[in-house]
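Please inspect the structure before reading each solution.

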Amino acid sequence: MMQGTERLTRRALVASAVLAPFAALAAQIDTAPGTLAALSVADAEGRKVPVPAAGRATIVNFWATWCPPCRAEMPLLQSLPDFYGDKLSLQLVNFKERLATVQKYVREAGWAPGQPLLLDPMGEGAAAWGVKQFPTTVGFDARGRARWRVRGEYDWTSPEAARLVESLWS
């Protein structure tokens with residue numbers, strides 16, 4: 001039986017091979033997203049969590065269980081912290097769904113254990129950042145400055161994605 005990380009890596013590779021030709025076509029990349037104010041969202045226990053994570057390069061993804069492109073790219077996104085380690089924080093913010101709906105989806109989709117569930121139940125965070133398309137992913141440097149925004153499904157295993165992610169350290 002495969003261990004969690006191996007299973008996640010295998011899923012990401014399979015998803016990457018299947019989705020790569022389509023994901024690049026669907027995404028719109030903005031390398032000058034402007035200033036985005038920090039948010040505070042709730043985790044599954046109702047505690048407030050700062051978004052982006054303080055003092056760390058952070059990728060914030062707004063997603064929903066009803067969004068096929070969100071579901072398709074999620075294994076690829078979830079593989080990034082495994083690849084980059086402590087250099088990168090990943091925050092997956094669910095848009096306007098009940099906690100029970102999100103928890104059921106996460107169980108059925110086989111998300112890696114320990115991935116925190118972050119919730120934007122009224123859509124206030126998404127509205128504040130101008131999120132109108134799902135998924136939307138924003139990269140922040142360690143100082144909390146938005147460096148890029150990706151609208152739509154994206155191949156997070158591509159060389160272009162690596163350049164985006166690694167730009168958060170420059």
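The exercises below concern a predicted model, and each is followed by a worked solution.

**Exercise 1.** Classify the aromatic pair formed by Trp63 and Trp111, and state which parts of the chain the pair ties together.

*Solution.* A search of the whole structure finds 11 aromatic pairs. For Trp63 and Trp111, the centres are 5.1 Å apart and the planes make an angle of 45°. Planes under 30 degrees apart count as stacked and those over 60 as edge-to-face, so the pair is tilted. Next, locate the residues: Trp63 belongs to strand E4 (residues 57-63), whereas Trp111 lies in the loop between helix H3 (99-109) and strand E6 (118-120). The pair therefore ties together parts that are 48 residues apart in sequence. Finally, both Trp63 and Trp111 are buried.

**Exercise 2.** Describe the aromatic pair of Trp129 and Phe140, and determine whether each residue is buried or exposed.

*Solution.* The pair is tilted, with 5.2 Å from centre to centre and 45° between the planes. Trp129 is in the loop between helix H4 (124-128) and strand E7 (136-140), and Phe140 is in E7, 11 residues apart. For burial, the cut-off is a relative accessible area under 20%. Trp129 has 2% and is therefore buried. Phe140 has 0% relative accessibility, so Phe140 is also buried.

**Exercise 3.** Determine how the buried residues of H3 are arranged around the helix axis, and which elements cover them.

*Solution.* Begin with the buried residues of H3, which include Val102, Tyr105 and Val106. These residues cover an arc of only 100° around the axis, and therefore lie on the same side of H3. Arg107 and Glu108, on the other side of H3, are exposed. The cover over the buried residues includes E4, helix H2 (68-84), strand E5 (88-95) and E6. Just after H3, Gly110 has a positive phi of about 70°.

Notes. Residues are numbered from 1 along each chain as its sequence is written. This is a predicted model: local features need pLDDT of at least 70, side-chain atom pairs count only at pLDDT 80 or more; totals for chains, interfaces and linings use all residues. Side-chain values use heavy atoms; hydrogens and water are left out. Rings of Phe, Tyr and Trp (its six-membered ring) pair if their centres lie within 6.5 Å; planes under 30 degrees apart count as stacked, over 60 as edge-to-face and the rest as tilted. Helices (H or I, at least four residues) and strands (E, at least two) are DSSP runs, numbered from the N terminus. Buried means under 20% relative accessible area, exposed over 50%, partly exposed in between (1.4 Å probe, protein chains only). The arc is that of the directions from the helix axis to the C-beta atoms. Contact means heavy atoms within 4.5 Å.
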